[in-house]
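Biologist: Hi! Could you walk me through this structure from the beginning? I'm new to it.

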Amino acid sequence: MLLTVLGLLLFNGCGQPGARALLQGERLIHERNYAQAVQRLEQATRLLPKEARAWNHLGLAYHGAGRLSDAIKAYQQALALDRNLAVGHFNLGSLYLDQSNLPPPSWS
């Protein structure tokens, strides 16, 4: 995941505030500083609204901060942007499992 963010920085240039906010948010999640991560990742999603990984990271930050309904929405937005984002499916499923609130399968 870090390589993706670094690639985003190189592709967009190091001065891009959206990419910088995404990288900072990811670092803050790893430090378990979820409140500050939420702030940085909300900024990243405003600046990079079509970047599925930014929404997934925002979901992780919300999840860590205990903002579960916001986490669900962020994960769902990530998956709406990239249905093949395996980590987004995993994170959303993990959140539902944590809540013992699994939705019915989409194929039913």
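Modeller: Happy to! One term to start with: buried means under 20% relative accessible area, exposed means over 50%, and partly exposed is in between, using a 1.4 Å probe and protein chains only. By that rule, 37% of the 108 residues of the chain count as buried. This is a predicted model, where local features need pLDDT of at least 70, side-chain atom pairs count only at pLDDT 80 or more, and totals for chains, interfaces and linings use all residues. Residues are numbered from 1 along each chain as its sequence is written, and side-chain values use heavy atoms, with hydrogens and water left out.

Biologist: Thanks! How many helices and strands are there in the chain?

Modeller: Six helices and zero strands. From the N terminus on, the order reads α-α-α-α-α-α. Helices (H or I, at least four residues) and strands (E, at least two) are DSSP runs, numbered from the N terminus.

Biologist: Let's look at α5. How does the span of α5 compare with what it should be?

Modeller: Helix α5 covers residues 68–81, and its 14 residues should span 20 Å at 1.5 Å a residue; the end C-alpha atoms are 20 Å apart, which agrees. The expected span is 1.5 Å times one less than the number of residues.

Biologist: And which residues of α5 are buried?

Modeller: Ala71, Ile72, Ala74, Tyr75, Ala78 and Leu79. Seen down the axis of α5, these buried residues fall within an arc of 165°, so they line one face of the helix. That arc is taken from the directions from the helix axis to the C-beta atoms. The face turned away from the buried side carries the exposed residues Lys73 and Ala80.

Biologist: What covers the buried residues of α5?

Modeller: The cover includes α4 (52–64) and α6 (86–98). Contact here means heavy atoms within 4.5 Å.

Biologist: Tell me about α4, then. Which helices do its buried residues pack against?

Modeller: They pack against α2 (17–30), α3 (34–47), α5 and α6. The buried residues of α4 include Trp55, Asn56, His57 and Tyr62. Asn56 is at 1% relative accessibility, so it counts as buried. Leaving aside neighbours within four places in sequence, Asn56 is in contact with Tyr75, Ala78, Leu85, Val87, Gly88 and Asn91.

Biologist: Nice. How do α2 and α4 pack?

Modeller: They pack at an angle of about 30°, with their axes 10 Å apart. The axes are lines fitted to C-alpha atoms, for helices over the stretch in contact, and angles run from 0 to 180 degrees between N-to-C directions. The two helices are therefore roughly parallel to each other. For that wording, angles under 35 degrees count as roughly parallel, over 145 as roughly antiparallel, 65 to 115 as roughly perpendicular and the rest as oblique.

Biologist: Which residues meet there?

Modeller: Leu22, Glu26 and Ile29 in α2 meet Arg53, Ala54, His57, Leu60 and Ala61 in α4. Leu23 also lies in α2, and at 24% relative accessibility Leu23 counts as partly exposed.

Biologist: Changing topic: what about the loop between α2 and α3?

Modeller: Arg32 sits in that loop. Arg32 has a positive phi of about 65° although it is not a glycine. Most residues other than glycine have a negative phi.

Biologist: Is Arg32 buried or exposed?

Modeller: Exposed, because its relative accessibility is 64%.
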